[in-house]
Structures are given as structure tokens and as C-alpha cells.
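This report describes how the inside of one protein model is packed. It covers the helix pairs and then the nonpolar cores.

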Amino acid sequence: MTNTRKMPAVKILPLLVGALLLFSPVQPPAWGQGGRGPAGAPLPQGQNPNGMHIYIWGGLKSHGAGQHDYPQFLADWSKVLTEHGAVVDGAFHPPSAADLEKTDVIVIYKGDAVFMSDGEKSILEAYVKRGGGLVSLHDSLCGPDPAWFSTLVGGAKKHGEVNYTLDAPIPYTVTDKSNPIMKDMTDMTISDEAFFLMTWAKDPAVHVLATAVIPPTPSAGEHKGEVAPQIWTYEHTLPGGQPARAFVWMQGHTYANFANPQIQKMLLRGIAWAAKKPVDELVDYVPPARPGRGGTPRAPAKP
């Protein structure tokens, strides 16, 4: 006998909806993709679209293995900063005016970066005049015109002068332990390179966060034993502009020091400070949980 009873519509509807979802080409957005970018493009996976905008100005590698690895910094720190909630861009050339339209802070890690054309200088000055932040790492502040660059970051050194120690123990003395940027920094010694014979801005002057005694290397000569600033902040206003900030860490000759936990947190705080953001914004950022295998939430690993 044939069963002519029909399945109630109330039971059929969920089956139809489930089948549509199963075979539908539409997929849920990936972790961290809460919206759309220019021309409707999906946002990069894991990017915090509301984060501070950072431009990394890198360069080609110089020196030996493990030293002055500017390309590796661009690769590594674009990830580190993204995982700490920033929106990151960057290149091996000075940023254009278009690059800087939404930039909060430029992080410079490029040898002799101050060798710039007049047009490039004008773009950088215009950016600082509107209050844009600068972070200078290691020999980024070296060039032919230290007097000009010192007006932007507080201090600079002349290219061609013997004003460096080369590889040596660099003993830090934290001079402002109450400064929030130096929250996790202690008096310690790292193997790196220190600079002296700097051209300093005077009005206003830099605020020194840490100094080092210049070690007795052959290149230090008579400057051995001098106490020289190695980490500082600089707050200033260019004529006709808005207040701007710069943060400088003169080490980074040895690339492995970027992975030192104390130094990494200091740099994250210095970058946020220069961007005029809460100083712990990058350090304290917690990305949203992302689905792991089987759809279970999984927090991303710390860098």
C-alpha cells in the first residue's frame, strides 16, 4: 500500500534552507575582514581597519650577515605591527604625498636616509607640518645635511664623519624611568653600535630617555668614555605647522636586537607615541579570536 502522506511544510523548510547554505557560493568573511577597502576589495586578513596608519620606509641591505637588514625589517615588522592592530604600508623609497595622506607615523629604517631630493624633503616637511609622526632607527638619521634633519627628529649625524663605534657592547642607562615608553626597559647592555658627534636641535631640545658610555673601539678614538644619548623623544612645531613628535632609537646595527622583548615593547610604544596615539595601543592590542580547525575559536599566537 502506497503511503500518500506528505511531510509537513514546517519540516521541509529547514531542509531547503540548509541545502541552500551548503551549496551556496557565498562564504562568510575571513577573520579580521569586517568591511571593504578601495573599489570594494576585501580587507587583508587579520588587519584591524581602525588601527593607526604606519608607513615603513626601508632600504636595500647593507653590511654583513645579521647587520643593517632593512628588507627583513620591512617584512618582519609589517607583520608585527599588523598583529598589534596597525594598518601598515611601506616601500624601499621615500613616501610620496599620496602615501602620507592617511599616515600617522613613518618608521624609517634605511641607511643614510637623509640623502633626499628637494622634492622629497618638501613632502616630508609638509607631512610633519600637519603633525605627522616620525620614528628613526639606527643610521636612518645619517646624511649630508644633519642640521636640516635634526629639525625633524631632534638629532642627526653627518655622513662621512667617523662618529660611530662599530660593533661593541652598548651599556644603556635609562635616564627617564618614569616615561611610559621605557616601561619595560632596564639598564642593560646589548651588542650593537652607538653614535656620537651628533648635530642637535636646540630650541626645543630632545628629551633623552637613555644614554650609553661610548666604548673604547678604534673608531671611537678620543670619544671613548663619553656619555651620549641613544634613545630620545622630540616634540616640536615647524614654522606655520602643527605640533609634531619624533622618537629615535640609534641602535639596530645588529638585526637580532629587534627581537629583544624589552626593545620590541619600547619600539611599539615609541611608534604609538610618535603617532599621537595612546602609548600602549600597540602593546595592549588583542586581535579578535579567529576560527581554528573545526570552527573552534583560536587566538592568534603572539609575535
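Contact means heavy atoms within 4.5 Å. Helices are DSSP runs (H or I, at least four residues), numbered from the N terminus. The model is predicted: local features need pLDDT of at least 70, side-chain atom pairs count only at pLDDT 80 or more, and totals for chains, interfaces and linings use all residues. Residues are numbered from 1 along each chain as its sequence is written, and side-chain values use heavy atoms, with hydrogens and water left out.

In α2, Trp77, Val80 and Leu81 meet Gln264, Leu267, Leu268 and Ile271 of α5. The axes (lines fitted to C-alpha atoms over the stretch in contact, with angles from 0 to 180 degrees between N-to-C directions) come within 12 Å and cross at roughly 70°. The two helices are therefore roughly perpendicular, a term for angles of 65 to 115 degrees.

## Helix α3 against helix α4

Helix α3 (residues 118-129) and helix α4 (residues 146-153) have axes that come within 11 Å and cross at roughly 25°. α3 and α4 are therefore roughly parallel, the term for angles under 35 degrees. Lys121, Leu124, Glu125 and Val128 of α3 make the contact with Trp148, Phe149 and Leu152 of α4.

## Nonpolar cores

A nonpolar core is a set of buried Ala, Val, Leu, Ile, Met, Phe, Trp, Tyr and Cys residues joined through side-chain atoms within 4.5 Å; buried means under 20% relative accessible area, with a 1.4 Å probe and protein chains only. The largest has 49 residues, and Ile54, Trp77, Ile231, Phe247, Trp249 and Met266 have the most contacts inside it. Helix α5 (residues 261-274) supplies the largest share of this core, 8 residues. Another core, of 30 residues, lies apart from it and includes Ala113 and Leu141.

Note on methods
Buried means under 20% relative accessible area, exposed over 50%, partly exposed in between (1.4 Å probe, protein chains only). Angles under 35 degrees count as roughly parallel, over 145 as roughly antiparallel, 65 to 115 as roughly perpendicular and the rest as oblique.
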